[in-house]
Amino acid sequence: MSGDQTGVVLYWRPLCTFCMKLRFQLLFSRLCYTKVNIWRDPEGAAFVRSVAGGNETVPTVTVAGRPLVNPSKKELLRAVAAHAPGSMTSRA
């Protein structure tokens, strides 16, 4: 598997409305994550294809190395709570 094996990685591409929606929803969450633009990162694009049936379906997110293809915010945060709770920052 690719990506961070303990944290969260969001694979995205410009002009993707699904990516924009998820990224906007995450603006007000406490989730810390790394972004990978698959149009600029060939390895990231190859990883997405490897977990999305050969397609570059984005957003694709890994949570502690576990891939989620086009997850909802709820699905993503549930996976984070179960597998990478340290990716949530505490409120000040």
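This is a predicted model: local features need pLDDT of at least 70, side-chain atom pairs count only at pLDDT 80 or more; totals for chains, interfaces and linings use all residues.
Local features need pLDDT of at least 70 and side-chain atom pairs count only at pLDDT 80 or more, while totals for chains, interfaces and linings use all residues. Residues are numbered from 1 along each chain as its sequence is written, and side-chain values use heavy atoms, with hydrogens and water left out.

View 1. S87 lies in the segment after α3 (73–83); helices (H or I, at least four residues) and strands (E, at least two) are DSSP runs, numbered from the N terminus. S87 counts as buried because its relative accessibility is 7% (buried is under 20% relative accessible area, exposed over 50%, partly exposed in between; 1.4 Å probe, protein chains only). Leaving aside residues up to four places away in sequence, S87 touches T6, G7, V8, R30, L31, C32 and V80 (contact means heavy atoms within 4.5 Å).

**View 2. V8 and the largest nonpolar core.** The core has 24 residues, of which V8, Y11, V61, V63 and L76 touch the most other members (a core is a set of buried Ala, Val, Leu, Ile, Met, Phe, Trp, Tyr and Cys residues joined through side-chain atoms within 4.5 Å). At least two residues of this core come from each of β1 (8–12), α1 (17–26), α2 (42–51), β3 (60–63) and α3. β1 gives the largest share, five residues. Beyond four places in sequence, the contacts of V8 include L31, V61, L76 and S87.

**View 3. Exposure of F24.** F24 is in helix α1. With 52% relative accessibility, F24 counts as exposed.
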